[in-house]
Amino acid sequence: MKYESQGVAKLYFIAAIGLFVGQILFGVIMGVQYISGDFLFPEIPFNVARMVHTNLLIVWLLFGFMGSAYYLVPEESERELFSPFLAKLMFWVFLVAGALTILGYLLVPYATLAEITMNDLLPTMGREFLEQPTITKIGIVIVALSFLFNIGMTILTGRKTVITLVLLTGLAGLAVFFLFSFYNPDNLILDKYFWWFVVHLWVEGVWELIMASLLAYVLIKVTGVDREVIEKWLYIIIAMALISGLVGTGHHFFWIGTPDYWQWLGSIFSALEPIPFFMMTLFAFNVVNKRRRDHPNKAAVLWALGTAVMAFLGAGVWGFLHTLAPVNYYTHGTQITAAHGHMAFYGAYVMVVLTMISYSMPIMRGHKASNERAQVFEMWSFWLMTVSMVFITLFLTGAGILQVYLQRYSEAPLGFMVTQDKLAIFYIMREVAGLVFLAGLIVYILSFFVKGKEVEVI
Amino acid sequence: MRETFTKGMARNIYYGGGVFFFLVLIGLTVDTVVSLPKTDNSENLTEQVAAGKRLWERNDCIGCHTLLGEGAYFAPELGNVYTRFGESTEAIKGFIKSRPKNGIPNRRSMPQFNFTDEELEALAQFLKYSDGIKTARDWPPNIQG
């Protein structure tokens, strides 16, 4: 560790992994509910489990992004963090706010939570992924602004690199677009339209900037390839991400009462969205092949390559699968969407955060890389989680295709619940794959505690 | 990448492309918002419907159902439930009211929300309003949602 203040990242990463475990446990619960509908009912209804599952994902990824920024920025900027104290303070604020929100979901009925937190003053709750009480949303804005201030001051008063500037743009975009979560008009179409300004412009816009810059940083570190080469790749990847992804928002505007031209625009531009992800794959393999050194942290290299491949498959291929309007007409809002969502989030954002953790955590613990045994554990966890996620995606895709056929495509369409009963085998297999994922996650956590002959101390 | 394609060129594509397409998105957004009254059923967007939407949100209905295809995939699409229930708000209200408190063994079941009559009416009116939104190609593909 070149700068002492990089160490604050450790707190963020530990919290991220802890919340990740919670996310997966609730995923497994929902998997059971898909098989046996009354599981944990009425104590934990499906919608509550789902809120916990998705909100924990978002929160732990945000912890991961913030931790990554706190680790990377001092080193890139060649100075200590502007305020390590503020970083630690905001960590606790965010953790407590996040924990209270999750407990609120679990301990009281959602309507009661809305009442306690005075949702009526500024109603923002009850929309997918934005279920947090308004007061939590305000907390998120405060944490995000303090974080941006801290990171921004460090970047702007230090050495500016392409990586830090792209990261800063992505993080600023994240904060700005979140503000749309406070806009909740009565008009359902308007509500839906601008809801996507948070959701789409995050995951198919500014988050890609964050992801690409984190990946570029780790690749520079583990391959020693010339910064000029990597920066050129970085620019062209994020250029394609924005060129395709901004108007690509239109693939969400096919069936919500918005004008017909979105069918064309959304189809064409979102068909281009796989390109930046494919370039990321080319980029990662290219620079690893041209590496100037063999970094002892082989696990981090594996995660970096895995991120590029899985992001392309999950976001790129599975996204394209159902993004053209004539296809989406049948697949919109089915298990196909769920399949895509799972692999895209895992491949792009979960894996890039785990890549950063894999690279930086050993250094923060005083080694250039983990000992070999620990790395073997970590690589096993990589394969267990990644392969099981591929199967989760395939089983959900199978379920989705059958659902589309039975409920929407065949001559005599069946009702929703009748169709669901016929998908049972896919849901059972998905749950088995989900349990393997959980096993992989346990191996991942064990990898931090495995002892062995340590790699050179730095 | 070859030397003829420089980092400066890549940077310019990023800034130029990013700004240009962001402006395109804003332009399209303005056009969309302006043309919404043609499809958005706003003539039926009453106070009661708005109250129904708040109830819909306060009970996180989107956590199980889809509405115009967006939401969770655990329970039926509700953007056309008014049509599916024979254009009857009474049928919708009856269904919501009749959910057993402790669920149905082994089956998925909607929770019992203990709504007042006034609340039930607002919710049903909100679903009726949603059904009245003119979606492209009259999505969903059929009455089953």
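Good morning. I begin with one pair of residues: the side chains of A:E75 and A:K221 meet in a salt bridge, with 2.6 Å from N to O. Please keep in mind throughout that this is a predicted model.

Where do these two residues belong? The domain assignment of chain A gives domain 1, residues 1–160, and domain 2, residues 211–448. On the domain 1 side, helices α1 (8–35) and α2 (46–77) of chain A each supply at least two residues that touch domain 2. The largest share of that side, 14 residues, comes from α1(A).

Let us now consider the extent of this interface. In chain A, 30 residues of domain 1 are in contact with 34 residues of domain 2. The centres of the two domains, taken over C-alpha atoms, are separated by 21 Å. Together, domain 1 and domain 2 of chain A bury about 2,700 Å², and carbon and sulfur atoms give 78% of that area. Within domain 1, the residues that lose the most area to domain 2 are A:I17, A:Y34 and A:Y71, which together make up 20% of what that side buries.

One further helix of chain A deserves attention. Helix α6, residues 162–178, has 17 residues and reaches 24 Å from its first C-alpha to its last, close to the 24 Å expected. How much of α6(A) is covered? Of its 17 residues, 13 are buried, so the helix is mostly covered.

I turn next to chain B. Chain B is divided into domain 1, residues 1–38, and domain 2, residues 41–138. The C-alpha centres of these two domains of chain B lie 38 Å apart.

Finally, how do the two chains meet? The contact takes 86 residues from chain A and 73 residues from chain B. The area buried between the chains is about 6,900 Å², with carbon and sulfur atoms giving 62% of it. On the chain A side, A:K232, A:Y235 and A:Y329 supply 10% of the buried area, more than any other three residues. Across this interface there are 7 salt bridges. The side chains of B:R107 and A:D421 also meet in a salt bridge, at 3.1 Å from N to O. Helix α8 of chain A, residues 227–248, gives the most to the side that touches chain B, with 12 residues.

Thank you for your attention.

Technical notes. Residues numbered from 1 in each chain as written. Chains lettered and ligands numbered in written order. Predicted model: local features only at pLDDT ≥ 70, side-chain atom pairs only at ≥ 80, totals over all residues. Heavy atoms only, no water. Helix = DSSP H or I, 4+ residues; strand = E, 2+ residues; numbered from the N terminus. Expected span 1.5 Å × (residues − 1). Buried < 20%, exposed > 50% of the residue type's maximum accessible area, 1.4 Å probe, protein only. Domains from an automatic or database assignment. Contact = heavy atoms within 4.5 Å. Buried area = accessible area lost by both parts, 1.4 Å probe. Salt bridge = Lys/Arg side-chain N within 4 Å of Asp/Glu carboxyl O.
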